[in-house]
Amino acid sequence: MPISSFFSTSRFAVAILLILCCAAARSQEPVASFELQDYLGAPYSLGDFDENPVIVVAFLGTECPLAKVYGAQLQGIADQFKARGLIVLGINSNQQDTPTEISHYARDHRITFPLLKDPGNRVADRFGAERTPEIFVLDEHRRIRYHGRIDDQFGVGYARPEATNNYLRRAIEELLAGKPVSTPSTEAVGCHIGRVNRARPTGNITYANQISRLIQRHCVECHRVGGIAPFALQNYEDVAAWAETLCEVVEDERMPPWHANPKHGDFANDARISEEEKQLLYDWVDNGSPEGDREQLPPAKEFIDGWALGSPDLVVRMPEPITVSATGVMDYQYVTIDPEFTEGKWVRASEIRPGVRSVVHHILVFVDTSGADPILQERGVGFETVGGYVPGSPPMNLADGVARYVPAGSKFVMQIHYTPDGRVRNDQSEIGLYFADPKNVRRTMQSGVVVNLDFEIPPGEDSHRVEATYRFSHDMEVHSLTPHMHFRGKSFRYELMYPNGTRETLLDIPRYDFNWQNSYRFSKPKLVPEGSLLKCIAHFDNSENNPSNPDPTIPVRWGEQTWEEMMIGFYEAVFVNQDLSVPEPQVDPIAGGRYRATFFYKPDRPAKTINLAGTFNDWNSSTHPLTDPDGDGIYSAQVIVDAGEYRYKFVIDGNYWTHDPASRSLTGFLHESYFVAGPERDRRQR
């Protein structure tokens with residue numbers, strides 16, 4: 001799960017400001033000594049380090065994502081300045097963190113400096129510490145000379161390849177050089193310290209009665225033991241310890257992760273928490289987080305630890321693990337996998353299982369047809385997929401009679417985005433495929449795109465507009481929408497202009513968050529008439545005010561890596577007129593090395609004439625009429641061709657051009673049907 005999804009500053013901004021002011025006022029007074037034990041029970045006191053000229057006191061937590069990614073960096077700072085007398089003291093004040101968990105944290109991040117347990121958060125209260133990680137630098141007189149964050153590499157909604165401001169290192173260098181600290185205070189970002197609740201719980205809103213059910217509905221799918229989230233929320237102790245952070249991310253609308261404007265669209269996977277539920281959570285925390293009567297707890301929610309849809313028909317795994325670095329930003333990884341399909345497959349469902357959930361940001365599995373059929377090479381590794389993974393998203397499970405077609409010889413290309421979690425990991429993700437019986441498939445799920453490849457975002461521009469449009473040439477049912485941009489993405493909107501001139505906003509994302517590659521699935525498929533124009537409008541922030549911006553001084557163009565940009569409006573749809581019960585073209589050899597191709601068409605609308613046009617007749621719309629000699633409602637025509645690859649369409653009443661509704665795959669932006677005549681036909685058309 002992305003580290004940036006758990007931090008914010010809005011709800012408690014005033015409180016933090018007061019704390020910072022108090023810390024500044026205290027900075028002239030020495031910090032009184034304290035005594036704590038490390039996770040092994042060994043005692044330490046501040047007086048043990050009287051000979052150290054500078055002490056870094058770091059408040060840490062074992063599960064906070066930012067505390068994880070900064071653990072190794074703190075150890076690096078401790079090692080860098082050890083010879084010059086620096087000592088780092090890690091303090092864990094979270095009531096939910098046990099000595100065993102602290103031990104695991106030390107092992108995972110190879111920490112050798114003391115990690116001390118602060119029972120009852122007494123030392124955290126003395127310092128005024130609120131978050132993890134939060135840093136206090138003490139001089140030789142034990143006065144606070146710096147307070148705040150470590151650097152600006154990681155923060156709310158962003159992760160930079162490297163820091164642009166090394167606040168802690170600079171403060172240490174200045175102190176050791178006998179200079180005043182140039183930046184004595186910065187704003188700490190991270191998780192709230194899980195403090196002991198000293199207030200007497202009051203009120204009739206309790207964990208057992210209301211809050212446990214709210215958490216079950218919206219949180220525990222991810223926040224459970226073995227889940228994808230960095231900490232579990234399956235009992236009162238955990239929820240109470242994370243209560244302040246929960247309020248913060250809920251109020252900022254970063255949790256649950258749902259970014260659609262509620263004024264537009266009705267979506268089956270809407271993850272929003274209602275305003276009434278938000279207030280319930282706020283009131284419970286304000287009232288001291290009472291536990292209530294445990295007899296009122298709901299039954300524990302059960303989860304499927306294996307494949308959610310049962311055992312797959314085929315599991316395709318990455319050939320080799322990918323090593324994910326402990327920190328920093330990794331470029332997209334592309335892994336090609338050959339499922340060795342000797343015949344075409346209909347995929348009705350799929351599930352992607354990350355090897356290491358904590359570092360997998362998202363996975364898309366594209367279909368590479370370049371080795372399957374030369375006529376499809378122009379599509380290459382295009383936009384057809386057999387599944388995707390985003391934390392918390394359900395597996396792809398298409399409706400009855402709908403499936404995705406993967407031609408024989410196709411390969412899969414996994415596009416993987418990793419987000420380091422503070423520890424070197426080796427990921428080997430996999431996808432499970434569930435096949436449909438071809439006799440039961442009537443329509444093909446198509447992946448479409450509204451895309452702009454030719455844009456340039458000027459340096460410093462904070463709201464650069466980029467548009468793209470696509471006009472539908474056939475009636476379609478749109479099932480889902482998925483906007484995609486990179487770090488400079490600011491907002492995204494889908495607008496549909498109907499042939500009668502009316503306009504509808506299908507999806508509006510006013511605050512795009514690259515950390516969540518959500519798909520928005522309509523509760524009821526959206527019928528899009530032929531001739532409708534789908535317009536996508538994106539805005540990009542290439543200014544220095546965008547903390548995710550890798551470099552606000554350069555123009556930005558299209559590119560696959562996250563430091564470049566993309567502007568894609570994905571959609572998934574099926575053709576309304578598709579009917580795979582009608583046979584595809586039948587191709588038979590005849591004398592002279594030529595072939596007879598027989599075409600079949602079942603009209604979905606009244607028609608006076610039906611003609612066949614294609615590359616075999618220079619797209620002439622009147623030379624090859626279809627007839628229905630036996631009156632069964634299925635029209636047919638025959639064409640004599642040489643060996644080769646051909647595209648074609650049906651022409652209704654001389655002016656309406658349509659693909660073959662019996663086609664399993666289409667090619668090109670005009671959705672042309674195709675067939676192959678010759679010795680290679682069986683291999684390519686299986």
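Of the 686 residues of the protein chain, 55% are classed as buried, a term that denotes under 20% relative accessible area, with exposed set at over 50% and partly exposed in between (1.4 Å probe, protein chains only). The structure is a predicted model, in which local features need pLDDT of at least 70 and side-chain atom pairs count only at pLDDT 80 or more, whereas totals for chains, interfaces and linings use all residues. Residues are numbered from 1 along each chain as its sequence is written, and side-chain values use heavy atoms, with hydrogens and water left out.

The accessible surface of the protein chain amounts to about 29,300 Å², as given by the Shrake-Rupley method with a 1.4 Å probe, where for residues only the protein chains shown count as cover. Carbon and sulfur atoms contribute 48% of this surface. Along the principal axes, the C-alpha atoms occupy a box of roughly 100 × 55 × 45 Å.

The protein chain contains 10 helices and 38 strands, defined as DSSP runs numbered from the N terminus (helices: H or I, at least four residues; strands: E, at least two). Among contacts (heavy atoms within 4.5 Å) between residues at least 6 apart in sequence, 79% join residues at least 24 apart.

The predictor's confidence in each residue, pLDDT, runs from 0 to 100; its mean over the protein chain is 88, and 93% of the residues reach 70 or more. Where pLDDT is low, the predicted coordinates should not be read in detail.
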